[in-house]
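The sequence and coordinates come first, and the discussion follows directly.

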Amino acid sequence: MTEYTSFDVAHLGNVELLTPTFDESLWFFRDLLAMRVVAEEGDSVFLRTWDEYQLYTIKLTAADDAGVGRTTFRTTSQEALERRVAAIEKMGLGTGWVDGEVGTGPTYMFQDPDGHTMGIYYESERYVATDDKPALKNQASAFPGRGVNARRLDHINYLAKDVVANGEFVAKALQGRESERIALDEGGFAAWWFHFNNKPYDIVYSAAGLKHGNRLHHIAFAPDTREDILKAADIFLENGIHIESGPHKHAINQTFFLYVWEPGGNRIELANAGARLLLDPDSPVVEWTQEERKKGQAWGMKTIETFHTHGTPIVKK
C-alpha cells in the first residue's frame with residue numbers, strides 16, 4: 001500500500017532557464033507561448049503561463065550558456081516540507097534554507113546526485129489577475145488567445161550520468177512514485193519517469209548520451225488539446241523556430257508531443273500529457289525493454305539521434 005508520505009510533494013513548482021540569447025528567448029516565451037512577464041530582477045524575468053495559480057512559472061536568466069538553473073517543488077503542507085527536508089538532509093545532499101522568489105516562501109536548497117540545483121517549499125502566493133481577469137472564476141487569468149497558449153508547466157527531463165542514482169534519490173528524498181522506465185539489457189535504466197500526483201510524470205531522468213551530467217534534456221508545457229500542438233507547429237514554422245521532432249505520440253505515457261529548440265538552445269516540449277492520468281495510488285510501474293523501444297514511438301516514428309545527444313548546456317568538444 002502506498003505510504004501517505006508519497007503525497008508530500010504536490011507538483012513541480014517552477015524552473016529557472018538559462019539563455020545566452022536573452023531577448024530572443026524572452027520573445028519566444030512571451031510572444032509565441034503567450035506567457036506573461038510578472039516581475040524582473042537583475043538579469044532575470046519571471047513569466048507565468050495563463051492558468052498558473054502561483055505568481056510565476058519560469059525564471060528566464062541571461063547567462064553565457066543555455067541550461068537549467070534552479071528547479072523547485074511545492075509540498076502539500078508545512079509538515080510535508082519538514083519531512084522532505086529531513087529526508088534530503090539524511091542523504092547528505094542539502095545545502096540550506098534561502099528566501100523564496102516572487103511569491104514563494106522559505107525554500108530549502110539541495111542537489112540531486114548529478115549536481116542539478118533544486119529547492120523545495122510550501123508557502124506560495126496565489127496570482128491575482130488585474131487587466132487579465134478571466135470571465136470564469138475557476139481559472140487563474142484570461143485565456144490569451146494568441147500564440148501557443150501554454151496553459152501550465154507540465155514536467156522536466158534531466159540528462160544524467162547515472163539514471164539509477166538520481167531516480168533512487170527522487171524516490172527516497174521526494175517520495176516520487178515511478179510510472180514508467182526503460183530497462184537496459186546490461187542492467188540499470190536508460191530513462192526513468194516519476195510522478196507526485198495524478199499526472200503520469202513530473203520529473204524524468206534520461207541517460208546522457210555524451211556522458212556529461214548536470215544538463216537539461218527539456219521542460220514541457222501543456223496546452224489544452226492535441227490540436228493546439230498541431231497549431232503550435234505551424235506557429236513555430238512561421239517564426240523560424242527549429243522543430244526537432246513531432247508532432248507525434250509517445251509510446252511511453254502516451255503523450256502527444258512536439259519538440260522545438262527555443263532561441264537560446266534549450267529543448268522545449270509541448271505535451272498533451274493530461275490524456276492519461278494515474279488515478280490508482282498503487283499503479284504498477286510499466287517497464288520497457290530496449291528491444292521494445294527499438295519499435296519507436298506509438299505510431300512508428302523512430303526517435304531521432306539528437307534526442308539522445310542534444311542537451312543544455314551544449315557540450316563543447
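In the hairpin formed by strand 2 and strand 3, 2 residues lie between the strands, and Gly 42 takes a positive phi near 60 degrees. Strand 2 (residues 36-41) and strand 3 (residues 44-48) run antiparallel and are joined by 5 bridges. Arg 36 has Arg 48 in strand 3 as its bridge partner. Two strands are taken to pair if DSSP finds at least two bridges between them. Helices (H or I, at least four residues) and strands (E, at least two) are DSSP runs, numbered from the N terminus.

The model is predicted: local features need pLDDT of at least 70, side-chain atom pairs count only at pLDDT 80 or more, and totals for chains, interfaces and linings use all residues. Residues are numbered from 1 along each chain as its sequence is written, and side-chain values use heavy atoms, with hydrogens and water left out.

**Backbone geometry**

Most residues other than glycine have a negative phi, and most peptide bonds are trans. The table lists departures from both patterns.

| Site | Feature | Value |
|---|---|---|
| Ala 34 | positive phi | near 65 degrees |
| Gln 175 | positive phi | near 60 degrees |
| Gly 246 and Pro 247 | cis peptide bond | omega about 5 degrees |
| Thr 312 and Pro 313 | cis peptide bond | omega about 5 degrees |

Ala 34 is found in the loop between helix 1 and strand 2. Its relative accessible area is 5%, so Ala 34 is buried; buried means under 20% relative accessible area, exposed over 50%, and partly exposed in between (1.4 Å probe, protein chains only). Gln 175 is found in the loop between helix 3 (163-173) and strand 10 (177-183), and Gln 175 counts as buried because its relative accessibility is 18%.

Which residues of helix 1 are buried? In helix 1 (residues 22-32), they are Phe 22, Ser 25, Leu 26, Phe 28, Phe 29 and Leu 32. An α-helix has 3.6 residues a turn, so residues three or four places apart point the same way.

The largest nonpolar core has 55 residues, and those with the most contacts inside it are Phe 29, Leu 33, Ile 120, Ile 203, Phe 221 and Phe 236. Helix 1 supplies the largest share of this core, 5 residues. Another core lies apart from it and has 6 residues, among them Ile 182, Ala 191, Trp 193 and Tyr 201. A nonpolar core is a set of buried Ala, Val, Leu, Ile, Met, Phe, Trp, Tyr and Cys residues joined through side-chain atoms within 4.5 Å.

**Two loop residues**

Asp 202 lies in the loop between strand 11 (189-195) and strand 12 (203-207). Asp 202 counts as buried because its relative accessibility is 2%. Its side chain makes a polar contact with the side chain of Lys 199 (3.2 Å). A polar contact is a pair of N or O atoms within 3.5 Å; within protein, one must be able to donate a hydrogen and the other to accept it, and residues adjacent in sequence count only if both atoms are side-chain atoms. Not counting residues up to four places away in sequence, Asp 202 touches residues including His 11, Asp 154, His 155 and Phe 194, where contact means heavy atoms within 4.5 Å.

Gly 103 is placed in the loop between strand 6 (94-98) and strand 7 (107-111). At 25% relative accessibility, Gly 103 counts as partly exposed. Gly 103 and Gln 54 are 49 residues apart in sequence, yet 7.4 Å apart in space, C-alpha to C-alpha. Leaving aside neighbours within four places in sequence, Gly 103 is in contact with Leu 55, Glu 123, Ser 124 and Glu 125.

**Pocket and cavity**

The largest pocket holds about 720 Å³ of space. It is lined by 30 residues, of which Ile 182, Ala 190, Ala 191, Phe 307 and His 308 lie nearest its centre. The elements giving two or more residues to this lining are strand 9 (152-160), strand 11, strand 12, strand 13 (215-222), helix 5 (290-293) and helix 6.

The structure holds 1 cavity of 30 Å³ or more, and the largest cavity has about 50 Å³ of space. Residues lining the largest cavity include Ser 245, His 250, Tyr 259, Met 301 and Phe 307.

On a 1 Å grid over the protein atoms alone, a cavity is a set of points where a 1.4 Å probe fits but cannot get out, and a pocket is an open set with protein on both sides within 12 Å along at least five of seven lines; lining residues have an atom within 4 Å of a point. Grid points are joined across faces, edges and corners, and a volume is the space filled by probe spheres set on the points.
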